[in-house]
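Dear colleague,

Please find the structure below for your review. My notes on its cores and aromatic rings follow.

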Amino acid sequence: MNKILVTGSNGLLGQKITDLALADNSIELIATSRGENRHPVKNGYHYIDLDIVDPQRLRETVAEYRPDVIINTAAMTNVDACEHDPEGCRKLNVEAVASLVELCEIYGIHLIHLSTDFIFDGKEGPYAEDAEPNPLSLYGQSKWDAEKIIQQSSCKWAILRTILVYGIVADMSRSNIVLWAKGALEKGQPLNVVNDQWRMPTLAEDLAQACLLAATQGAEGIFHISGKDLFAIHELVAAVADFWGLDKSLIREVSSSTLSQAAPRPARTGFILDKARSVLGYNPHSFQEGLELVDQQLRRQ
Ligand SMILES: NC(=O)c1ccc[n+]([C@@H]2O[C@H](COP(=O)([O-])OP(=O)(O)OC[C@H]3O[C@@H](n4cnc5c(N)ncnc54)[C@H](OP(=O)(O)O)[C@@H]3O)[C@@H](O)[C@H]2O)c1
């Protein structure tokens, strides 16, 4: 039995990991997140209210449950919020990771940590795992600083970097590009969408699967995990409109410089997925297949 503790289990990735772990009899799941459990299924696993910026609570929880693996999905994931609250961003995205690393060293726990394409400057995507990071934003810097702490640690670790995660779970605290575009276009709202940024959007189920592949295989090192299709953001939103038969004339192409966003974004990211495919057996859905899955899930709600 593989005992896996997940942080941030109320989030998009956290809930998808919970779904997969509940369907796998070889996994004992300890789901943890800040506040009440928002996953609709409440049985078959432990849920702990755990704020990971509280080192003492973190220590007590890890000492009590002694997991084989910790998957750290909790983070301040709003890129602009990190610019407005640099201290909060560092506490959660860097200092809490340092606390986790220490505990993983003490108890011999395999740490699987989620990182981001925003550690890169976007000048030459798609990126391989050994490309040189050069974050443009405080969010990107915080995630890169956490990576450095992990990479220098003596615990067994894997870092999974990902890009623009989309999907649907219960009671979401934040939206994502697919739901945002679909929702706005359905209401007939005009959308300003950038045409000078490129991404490989990642289906939350694919990312959750990659986390569990890394956990069950005891994988170590850095892995790039994303969808396999590279889009300019306006093309991505147009694909969402096409899929649900929505009015594409509402999409207005703009350049990034016209949006007054607090955090600068990398222009072209995207990942080379060869390592994840060959080492982990990662096999992502196409964007079209991902939208079909989201559509089925929306119909079931
Ligand atoms: N989403 C993306 O596009 C994207 C792209 C690249 C990398 N990533 C990385 O992937 C990981 C997972 O992202 P996600 O999309 O699942 O994010 P998410 O939906 O924002 O989930 C993060 C979860 O962590 C919880 N959390 C926040 N602060 C916490 C704390 N102090 N202690 C415990 N839990 C806390 C949040 O709780 P509340 O729900 O209560 O706020 C939320 O449920 C993150 O590490 C992120 O940096 C995400």
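In these notes a residue is called buried when its relative accessible area is under 20%, exposed when over 50%, and partly exposed in between (1.4 Å probe, protein chains only). The model is predicted, and local features need pLDDT of at least 70, side-chain atom pairs count only at pLDDT 80 or more, and totals for chains, interfaces and linings use all residues. Residues are numbered from 1 along each chain as its sequence is written, and side-chain values use heavy atoms, with hydrogens and water left out.

I begin with the nonpolar cores. Such a core is a set of buried Ala, Val, Leu, Ile, Met, Phe, Trp, Tyr and Cys residues joined through side-chain atoms within 4.5 Å. The largest one has 38 residues, and Ile 4, Ile 17, Ile 71, Ile 112, Leu 160, Ile 225 and Leu 280 have the most contacts inside it. Among the elements that each supply at least two residues of this core are strand S1 (2–7), helix H1 (12–22), strand S5 (110–116), helix H7 (204–217) and helix H9 (274–280); helices (H or I, at least four residues) and strands (E, at least two) are DSSP runs, numbered from the N terminus. H7 provides the largest share of the core, eight residues.

Leu 280 touches, among others, Ala 210, Leu 213, Ala 214, Phe 223 and Ile 225, not counting residues up to four places away in sequence; contact means heavy atoms within 4.5 Å. A second, separate core of 32 residues includes Leu 58, Ile 70, Ile 109 and Phe 118.

I turn next to the aromatic rings. The structure holds five aromatic pairs. Rings of Phe, Tyr and Trp (its six-membered ring) pair if their centres lie within 6.5 Å; planes under 30 degrees apart count as stacked, over 60 as edge-to-face and the rest as tilted. Phe 118 and Tyr 139 form an edge-to-face pair, because their ring centres are 6.2 Å apart and their planes stand at 75°. Phe 118 lies in the loop between S5 and helix H5 (138–151) and Tyr 139 in helix H5, so this pair ties together parts 21 residues apart in sequence. Phe 118 is buried at 10% relative accessibility, and Tyr 139 is buried at 9%.

Phe 120 and Tyr 127 form a stacked pair, 4.1 Å centre to centre with 10° between the planes. Phe 120 is buried, with a relative accessible area of 0%, and Tyr 127 is buried at 3%. Ring pairs also link Tyr 166, Phe 231 and Phe 287 into a cluster.

Yours sincerely
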